[in-house]
Amino acid sequence: MILKERTESKELKLYRSLYARGELSEEDRQYYFNLEKGYEGELAFDRYLETLSDDWLIVNDLFLRYNNTSFQIDSLLISHEMIYLFEIKNFEGDFYFEGDHWYTLSKREISNPMLQLEKNLSLLRRLLLDWGYNYHFSENLVFVNPEFFLYNAPLGKPIIFPSQIERFLDRLNRKKPRNNSRDLKMAELLIVEHIADPPLLKVPKYDYESLRKGMVCGCCHSLSLEVQGRMLVCPKCDFTENINSGILRAVEEYRMLFPERKITTNDIFDWCKIIGYKKRIQRVLAENFELKGYNKRAYYEVKD
């Protein structure tokens, strides 16, 4: 049973928007590509979890804080006997392990993902103990990309390689976990404690004037939507969408990038660019937001 679905982070959405609108440095582009790849890996693992029975309690994508320290958990499987904690990596290519250090074959050292897993486990265990829950844990570092290989892989470490994922989950499926109301309450407490809008770790510089205007495709995320009748169509991936729905997506993107700017008909008309009539923009805003002010000073706010 999935108690919390995985969602795209605000950070990923922001970088995706800036990439489409042409306002990222080479360093920021690489950071964005890593965000996309990480999210793709997490979704790939979610598809594996769909093979589990509904007896398991599944909580995805938690951002928590304990003793002023923030930590993020990719996935939890909860049973009465055990909590399985998963740190998911979508590494691609060849790596090697040497003396608790991880390297690419070109000898560039990367952050040790085992340390991240151990930190998350320690903080989660202490948080639950403070709440009065004392569970056994199984921590697991999962590599989902079939093009990943680790030389000198350490024995005895909780690492699951791509070819082992299905066997690992098959073994879990045979266990038939027992859950009770206390387990469900604990999982729901974690979801309540989840920080839905954490501070961004790395925010690139950008401004309204320098960003390309237009409407970003809801599927391939390119700035290529075109108006065809009452629909928006992407010639790159054949995605289609009702114009009103697309305008609302564009408004949400605008609000995310420029929270300090007011939502006005003129600004959204300029932001969307391809919508030919201001009255359509105004109608969508009037139907979905609350009007404030009058005439040239009129603007819209999110309804309470």
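Student: How much space lies in the largest pocket?
Tutor: Keep in mind that this is a predicted model, so the value is computed from predicted coordinates. The space in the largest pocket comes to about 1,700 Å³.

Student: Which residues are the closest to the centre of that largest pocket?
Tutor: The lining has 45 residues. Closest to the centre are Asn34, Leu35, Gln72, Lys89 and Gln116.

Student: Which element supplies the largest share of the lining of the largest pocket?
Tutor: Helices and strands both take part: α1 (10-20), α2 (26-49), β2 (57-66), β3 (69-78), β4 (83-89) and α3 (113-130) each supply at least two residues. The largest share is eight residues, and the element behind it is α2.

Student: Now the second largest pocket: which element gives the most to its lining?
Tutor: This pocket has a volume of about 480 Å³, and 17 residues line it, with Lys13, Arg249, Glu252, Glu253 and Met256 nearest its centre. The elements giving two or more residues are α1 and α6 (243-257). With seven residues, the one that gives the most is α6.

Student: And how many charged residues are in the lining of the second largest pocket?
Tutor: Five of the lining residues are nonpolar and four are polar. The charged count is eight.

Note on methods
Residues are numbered from 1 along each chain as its sequence is written. This is a predicted model: local features need pLDDT of at least 70, side-chain atom pairs count only at pLDDT 80 or more; totals for chains, interfaces and linings use all residues. Side-chain values use heavy atoms; hydrogens and water are left out. On a 1 Å grid over the protein atoms alone, a cavity is a set of points where a 1.4 Å probe fits but cannot get out, and a pocket is an open set with protein on both sides within 12 Å along at least five of seven lines; lining residues have an atom within 4 Å of a point. Grid points are joined across faces, edges and corners, and a volume is the space filled by probe spheres set on the points. Helices (H or I, at least four residues) and strands (E, at least two) are DSSP runs, numbered from the N terminus. Ala, Val, Leu, Ile, Met, Phe, Trp, Tyr, Cys and Pro count as nonpolar, Asp, Glu, Lys and Arg as charged, and the others, Gly among them, as polar.
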